[in-house]
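Below is a short report on one protein chain.

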Amino acid sequence: MRWIQDFISKKEKNKQKYYTEIGWIEISPNAIASIASMATIQSYGVVGMAARNIADGISELLKLEEVNRGVDVEIDENGIKINLYIIVAYGVKIPEVAHNIMERVKWNLEKVTGLSVKEINVNVWGIRLQEEKESFPWEEI
């Protein structure tokens, strides 16, 4: 299926719209954040996602329902820019974990949405002893 990207106006800066033979497809930043957060929390060495705005200096481990708060998505005509805010397990090699997250998120986003990923930034907001992760429905397969 061939997609034709529509122009991005100033009003619709954070939306990707595509036209197919049948009609329009619009991908919201929230959907992109969901894909990125699921790929991130499944990565080795990640304890969880952290809140984007750390005003008081304390990194807050987000619950499963709130993991999108740990992802910042910017969309422009050149592609997608993702900022991830994570908490890693104590004892892991942070650069290696961050690189693996970047590769996994990029691959998942490009596979699922067909959009090009321009930049992925991984921000480590804390280090914790690895806790038992909540089991996710997609991991039980």
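Of the chain's 141 residues, 38% count as buried. Buried means under 20% relative accessible area, exposed means over 50%, and partly exposed lies in between (1.4 Å probe, protein chains only). The model is predicted: local features need pLDDT of at least 70, side-chain atom pairs count only at pLDDT 80 or more, and totals for chains, interfaces and linings use all residues. Residues are numbered from 1 along each chain as its sequence is written, and side-chain values use heavy atoms, with hydrogens and water left out.

**Fold.** The chain has 2 helices and 7 strands. Their order along the sequence is β-β-β-α-β-β-β-α-β. Helices (H or I, at least four residues) and strands (E, at least two) are DSSP runs, numbered from the N terminus. Among contacts between residues at least 6 apart in sequence, 62% join residues at least 24 apart. A contact means heavy atoms within 4.5 Å.

**Core.** The largest nonpolar core holds 32 residues. Such a core is a set of buried Ala, Val, Leu, Ile, Met, Phe, Trp, Tyr and Cys residues joined through side-chain atoms within 4.5 Å. I32, V71, V73, I82, L84, I101 and V105 touch the most other members. Two or more residues come from each of helix 1 (29-41), strand 4 (46-49), strand 5 (71-76), strand 6 (79-89), helix 2 (94-113) and strand 7 (117-128). Strand 6 gives the most, with 8 residues. Leaving aside residues up to four places away in sequence, I32 touches I27, V73, I75, I80, I82, L109 and L115.

**Aromatic pair.** A search of the whole structure finds 1 aromatic pair. The rings of Y85 and W125 have centres 5.5 Å apart and planes at 45°, so the pair is tilted. Rings of Phe, Tyr and Trp (its six-membered ring) pair if their centres lie within 6.5 Å; planes under 30 degrees apart count as stacked, over 60 as edge-to-face and the rest as tilted. Y85 lies in strand 6 and W125 in strand 7, so the pair ties together parts 40 residues apart in sequence.

**Surface.** The chain exposes about 8,900 Å², and carbon and sulfur atoms supply 51% of it. These areas come from the Shrake-Rupley method with a 1.4 Å probe; for residues, only the protein chains shown count as cover.

| Residue | Relative accessible area | Class |
|---|---|---|
| Y85 | 12% | buried |
| W125 | 31% | partly exposed |
| L129 | 66% | exposed |
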